[in-house]
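I opened this model to look up its charged side chains. My notes follow the order in which I checked them.

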Amino acid sequence: MRRCHDCGKPWTEKSQPEIYAACPHCYAYLHCCLNCRFFDEYAHNKCRIPTTEWVSDREKANFCDEFDFKDDRDSLDKTGNTASQKDAKAQWDALWNKPNKGKKK
């Protein structure tokens, strides 16, 4: 589900938000870097697409053609992992971690 970067309330429209669309709950801009799935604090220009232009205020509406409203699956948790990364790690751990039967420490 798509959520506002500011208040976290769901945005239920099917299409991408218009450039000056605002969250109906907190009135934050929706078409902004902080709501984009390509936003990355540590990437060049803070975007995973290297050809994007610099945006000075990430919370304000912008005219980026690459904007794609991020889904919860794209959101980072407090450890910096996406939900899909956490799922993959859990599956990896389940595959390779064997229970310690009868072993003493």
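These entries cover one arginine and then the salt bridges.

**Entry 1: the model.** I am working with a predicted model, not an experimental one. I kept that in mind for every distance below.

**Entry 2: placing R58.** I started with R58. I found R58 in the loop between β2 (10-11) and α1 (83-96). Is R58 buried or exposed? R58 is buried. I then looked for a salt bridge on R58 and found none. The nearest side chain of opposite charge is E41, 6.8 Å away.

**Entry 3: what R58 reaches instead.** Which backbone oxygens does the R58 side chain reach? One belongs to N45, at 3.0 Å. Another belongs to V55, at 3.2 Å. I also listed the contacts of R58, leaving out residues up to four places away in sequence. They are C32, C33, L34, F39, N45 and K46.

**Entry 4: counting salt bridges.** How many salt bridges does the model hold? The count is three. Side chains of opposite charge can pair when their charged atoms come close. I went through the pairs one by one.

**Entry 5: D68 and R37.** The side chains of D68 and R37 meet in a salt bridge, with N to O at 2.5 Å. Both residues lie in the loop between β2 and α1, so this pair ties together parts that are 31 residues apart in sequence. D68 is partly exposed at 21% relative accessibility. R37 is partly exposed too, at 33%.

**Entry 6: K46 and E41.** E41 came back here. E41 forms a salt bridge with K46, and the closest N and O atoms are 3.0 Å apart. K46 has a relative accessible area of 24%, which makes it partly exposed. E41 is partly exposed at 39%.

**Entry 7: D40 and R48.** The side chains of D40 and R48 meet in a salt bridge at 3.9 Å, N to O. That value falls within the 4 Å cut-off. D40 is partly exposed, with a relative accessible area of 24%. R48 is partly exposed as well, at 45%.

Key
Residues are numbered from 1 along each chain as its sequence is written. This is a predicted model: local features need pLDDT of at least 70, side-chain atom pairs count only at pLDDT 80 or more; totals for chains, interfaces and linings use all residues. Side-chain values use heavy atoms; hydrogens and water are left out. Helices (H or I, at least four residues) and strands (E, at least two) are DSSP runs, numbered from the N terminus. Buried means under 20% relative accessible area, exposed over 50%, partly exposed in between (1.4 Å probe, protein chains only). Lys and Arg count as positive and Asp and Glu as negative; His and the chain ends are not counted. A polar contact is a pair of N or O atoms within 3.5 Å; within protein, one must be able to donate a hydrogen and the other to accept it, and residues adjacent in sequence count only if both atoms are side-chain atoms. Contact means heavy atoms within 4.5 Å.
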